[in-house]
Amino acid sequence: MSRRYVVIGNGIAGQTCAEELRARDSECSIVMVAAERHPLYNRVALPRFLRGQVREEKVMMRTVEDYRKRGLEIHFETWVTEVDTRAKVARTNRGQELPYDALLIATGGRPKPPPWPGSEELSEVYGFQTLDDTKAIIEKADRSDSVLVMGGSFIAYELAEGVVHRGRSKVTWIMRGPWFLRYVLDGEGGQLCRQLGEAAGVRFLCEDEVRRFSRSNGRFLAETVCGHRVEFDLLTYGVGLDYYVEPTRETPIELRRGVVTDTKLRTAAPDVYAAGDVAVFFDQMIGKHNQMGTWDNAEAHGRTAAHNMAGEDEDFFDVPTYTTTMFGSTLAVMGVTPDVQPDLESVRTYSFEERFFRKLFFMHDRLVGAIMIGPPKGRKKLIEIMRSMRVIEGPREDLLDPANLK
C-alpha cells in the first residue's frame, strides 16, 4: 500500500513539505487541509502589496490547478479539529476523517486580539496576517483621513510604512516601548528608525499606550496615558500571534505556545511533525528550543519535515533571515537576536548622517545574529559565518566593516 500523508496548512511550510513528498514518491497519497480560501500566496510580498508596489496576481504562487497537476488533494476553508494519534486519523470541522502514516502540523497562527481596553467597541480594526487582511486594510486606509498603528513589532512597522507609502492617510504609530524592536535594536538604532519614519510622514508616540477609546464627531478617538488625543478612522496593529494548536490538545504532543519538536521536527507523538511558525523546534545554533516566524525558516522546515516523514533521519539547521524596506532604506535581520536569547554579547556601528546601523550578536565566541538598517553590505558573508558556527578569533569589530567581508 502507498504511504498516506496529511499536511495541515498550505503556507510555505506545508506547501514545501507536500511538494517535496510528491517529488520523492509519485504514488503516495497527500491530503492538505487549508484554513484559508486561497491557494499558496507569498506572505513576504504582502507589505509590498500594501504599499501598492505589486499587483495581487504577483502575490499568488499557486493556482487550484497546480494542486491537481501535482496530485495534491486539498480542502480549502477547512480546519482540522482533532488529531487522534492512536488511530492515526485527523478529523475536520466538515466531518472528514483523514487517515495518515505521517502527518505535518504547519498551521501557523492568527493575530492576537487587540489587548487595549475599549478596542472591542471599534468597528474598523485589522491585524495584518493574510491576503484578505491586506486587501481590507488597503480598501479602508485609502478612504481614511487618519490611520492609527499600534504595537512595536515587525508587523506594526510594516503597517506604518505601508499605509504612509500609499500617501492617502496620515499615520500615527503608538508603541509601549521606547523604540521599535526594543529588545533587538538599542537606543541609537531605534532613533534612526524614528528619524527615517518621521521623514516619511509617520507620527511616533513612544513609551505611551491608549487608556481609552471613544467616538468623536463620527470618528474614533484614542486618549493615551501621556495625555495625547489621536483622532482616527482605522486601527491596525501588530502584537503577535496565537498559534493554532487546538487539534493537538488531547494528544501526547507537548505545547509551549506552539508545538514542541526535536531537531528532526518530530513531536512527542509517533509520525507527527511540525513546521513553520507553529513549531517550537530545537535550534542547534543556540542549543535550546526556539520559534521563528520567517518565510525562509518555514520553507526550510517544510523540506526537512518531508525528508523525515518519508523515512530519513535529518537534523534541521539553518540561519533564518528577514529583509524588508525601512522607510526608503533597508532593514535586514539574520540569525538569533536578543528577543530570543537575551544574554547575547554584541558590537555595533552607526551613523545618523549616513543613515545606517549595524549590530552583530555573539554567543560563546560565535557569530549568531545581526541586524542592519541601511545597505546590507556583507550580509551573505555574515550568514555564511553563522552557518559555519566557527569561533571568531579576531576582533569582533572587524566584522562590522563590509570591506572585511569579501
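How many positive and negative side chains does the protein have, and how far apart do the centres of the two sets lie? The protein carries 55 positive side chains and 60 negative ones, and the centres of these sets lie 3 Å apart. Here Lys and Arg count as positive and Asp and Glu as negative, with His and the chain ends left out, and the place of a charge is NZ of Lys, CZ of Arg, CG of Asp or CD of Glu.

The model is predicted, so local features need pLDDT of at least 70 and side-chain atom pairs count only at pLDDT 80 or more, while totals for chains, interfaces and linings use all residues. Residues are numbered from 1 along each chain as its sequence is written, and side-chain values use heavy atoms, without hydrogens and water.

In overall build, the protein has nine helices and 27 strands, these being DSSP runs numbered from the N terminus (helices H or I, at least four residues; strands E, at least two). Its radius of gyration is 22 Å, close to the 22 Å that the globule rule gives for 406 residues, so the protein is as compact as a globular protein of that length; the radius is taken over C-alpha atoms, and the rule is 2.2 Å times the number of residues to the power 0.38. Along the principal axes, the C-alpha atoms fill a box of roughly 65 × 60 × 35 Å.

Of the 406 residues, 55% count as buried, where buried means under 20% relative accessible area, exposed over 50%, and partly exposed in between (1.4 Å probe, protein chains only). Among contacts between residues at least 6 apart in sequence, 62% join residues at least 24 apart, a contact meaning heavy atoms within 4.5 Å.

Turning to the cysteines, a disulfide is taken as a pair of cysteine sulfur atoms within 2.5 Å, and by this rule the count is zero. For C28, the nearest cysteine sulfur is that of C17, 9.9 Å away, and C28 is buried at 4% relative accessibility. C206 is likewise in no disulfide, the nearest cysteine sulfur being that of C193 at 8.5 Å, and C206 is buried with a relative accessible area of 18%.

A last stop is V239, which sits in the loop between β16 (234-237) and β17 (241-243) and is partly exposed at 29% relative accessibility. Although V239 and A156 are 83 residues apart in sequence, they lie 7.7 Å apart in space, C-alpha to C-alpha. Leaving aside residues up to four places away in sequence, V239 touches K112, P113, P115, W116, G151 and S153.
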